[in-house]
Amino acid sequence: MIVSPVVLSLKKICFGYPGGQLILNDLDFHIHAGDRIGLVAPNGSGKTTLFHVAMGLLKPVSGTIEAFGKVRKKEADFVEVRRRIGLLFQDADDQLFSPTVLDDVAFGPLNLGKTREEAVNVAEKTLDFLGLTGFEDRVTHKLSGGEKRLVSLATVLAMEPEVLLLDEPSTGLDAATKEKLIDILNSLDLSLVFISHEFDFLSQTAQHIYTMENGRILFDKELHLHTHQHAHLMGQQPHKHI
Amino acid sequence: MNQDSFAEGHSVIHRIDPRLRLVGAVALAVVVAVSYDFTTLITALALSLLLALMAQLDLRTVIRRLLAPILFLLLLWAVLPWSFKGESFLTWGLITLTRPGITLCAQISLKTIALMVTFMALLATMTVDTLGHALNRLRFPDKLVVMLLITFRYLFVIEQEYRRLLRAMKIRNFQPKTNLHSYRTYAYLIGILFVRASERARRVHGAMICRGFSGKFFSLREFSPHPWNGAFCFFITFSLILLIILEWVV
Ligand SMILES: Nc1ncnc2c1ncn2[C@@H]1O[C@H](COP(=O)(O)OP(=O)(O)OP(=O)(O)O)[C@@H](O)[C@H]1O
Ligand SMILES: [Mg+2]
């Protein structure tokens, strides 16, 4: 079996917010090209923090970040990283800062030096791909929660990243939209890491499930078959869980 | 929040290039601000009303938005006429109303109303983001444009946050009274709002950096040519010349 190259690797990362204890403690995390990793961990265990450290938004106290074959230390090193890795924020209101959807989706491509026409083109294509045709002139703060999520995803995809870090992409989506999102994610030819608290969602998208404990990643926890209780529409009828 | 209510019309003015409207409004404002002649000021007021008519502004809303400046003007009328020194106009017991005081009040009132109405007709008829893009095209500094647009965008989020907090207080049976508990609660509310706003700012900045933001603002907006643009230019130029002639030549 050919081992695909490592695109992002965090080695011995320690991080704590000012005045607090360490949230990431000697953490190791590697993403290979083409990986699809699901990250499940309790609230407050530092998943969001991990993503922000990986993007260079938070500076680790110690440890090294290597992306695309180079060690990244300074702010300037991360400019390229951010072009090639897309981060979907946990709160869509953080991600959508432009007045209209088209402005927002085209923002990234414009910053990458595309011309206006190219940027509008990419933006429209991305919106179409996500089934958001006709959303161009919608006002971002008037979108519903689920629509905001999908538009946020569009803003990240429009930058044509090689790796996607998705912070709870499925939260707050209805069943149909979630199905749509799963199809979209499965059709993307990218390396993906997603945080989610929903096993149903992860089992349909991820190859590996990782979890976090005491500021570290625990690798390759095999999916266990388990019995569980939950509410269903049409719960009487037989249904399938993986 | 309903700041965009004027922006949603479909009048002649709404269709005119926002950049022209912006430049026109500023030019009129400058001329009116330095004029003192009553003919000029009354003409300016008439022109502003004409613009408001063309923009098909709702009269009631216009008056409602004029209430605050009118209150301020009333305050001037209450103070200036007797406190200003000069030739007396009317003596009434100990109080003497002076002619220059009254003249000044009348000038300020006319200017204020004329400018407010002009701005409502020309600027309030575009959304804030259109204004931002128009400013950008007129080579306004990127920093200010981005600040304007982002302030506008997050005003809504912060307002929502405020409402959420208020609701959280209400469902736990908070009733505002004049006691320490109420004041402290309001202080917490405001404090939390500030903390959340600054946390939000940090995250939004992160999101912008993640998408390659480096301080440069790009506008996608196309301002398409419209046959009325020429007519509007002519109208504004004509108005400006008329006002200037009335003020300085006649
Ligand atoms: N800006 C901050 N300042 C100080 N502490 C913070 C900040 N953001 C998060 N923390 C703390 O860091 C810890 C990890 O937070 P983080 O947001 O990474 O958790 P998470 O795993 O994403 O949780 P969730 O599932 O709830 O999103 C939490 O204990 C939190 O209190
Ligand atoms: Mg989180």
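Areas here are Shrake-Rupley values with a 1.4 Å probe, and for residues only the protein chains shown count as cover.

Some housekeeping before the details. This is a predicted model, where local features need pLDDT of at least 70, side-chain atom pairs count only at pLDDT 80 or more, and totals for chains, interfaces and linings use all residues. Residues are numbered from 1 along each chain as its sequence is written, chains are lettered from A and ligands numbered from 1 in the order in which they are written, and side-chain values use heavy atoms, with hydrogens and water left out.

**Chain A overall**

Chain A has eight helices and 10 strands. Those are DSSP runs numbered from the N terminus: H or I for helices, at least four residues, and E for strands, at least two. Of the 242 residues in chain A, 51% are buried; buried means under 20% relative accessible area, exposed means over 50%, and partly exposed is in between (1.4 Å probe, protein chains only). Take the contacts (heavy atoms within 4.5 Å) in chain A between residues at least 6 apart in sequence: 67% of them join residues at least 24 apart.

**Helix 5 of chain A**

Helix 5 of chain A runs over residues 116-129. Its 14 residues reach 20 Å from first C-alpha to last, close to the 20 Å expected at 1.5 Å a residue, where the expected span is 1.5 Å times one less than the number of residues. Ala119(A), Val122(A), Ala123(A), Thr126(A) and Leu127(A) are buried in this helix. Down the axis of helix 5, these buried residues fall within an arc of 130°, so they line one face; the arc is taken from the directions from the helix axis to the C-beta atoms. What covers them includes helix 4 (101-111) and helix 6 (145-157) of chain A. Turned away from that buried side are the exposed residues Glu117(A) and Lys125(A). Just after helix 5, Gly131(A) takes a positive phi of about 70°.

**Around ligand 1**

Which chains surround ligand 1? Residues from chains A and B do, so the site is shared between chains. The shell holds 15 residues, the closest being Asn43(A), Gly44(A), Lys47(A), Thr48(A) and Thr49(A); a residue is near a molecule if one of its heavy atoms lies within 4 Å. Here are some pairings with an oxygen atom of ligand 1:

| Residue | Protein atom | Distance |
|---|---|---|
| Asn43(A) | side-chain N or O | 2.9 Å |
| Ser45(A) | backbone N or O | 3.3 Å |
| Gly46(A) | polar backbone atom | 3.0 Å |

Taken alone, ligand 1 exposes 640 Å², and the protein buries 64% of that. Two elements give two or more residues to its shell: helix 1 (47-54) of chain A and helix 8 (180-210) of chain B. Helix 1 of chain A gives the largest share, three residues.

Most residues other than glycine have a negative phi. Glu168(A), though, has a positive phi near 50°, and sits in the loop between strand 7 (163-167) and helix 7 (175-187) of chain A. At 9% relative accessibility, Glu168(A) counts as buried. Gln56(B) also has a positive phi, near 55°, in the loop between helix 3 (38-54) and helix 4 (59-83) of chain B. Gln56(B) counts as exposed, at 60% relative accessibility.

How values were computed: Polar contact = N/O pair within 3.5 Å; in protein donor to acceptor, adjacent residues only side chain to side chain.
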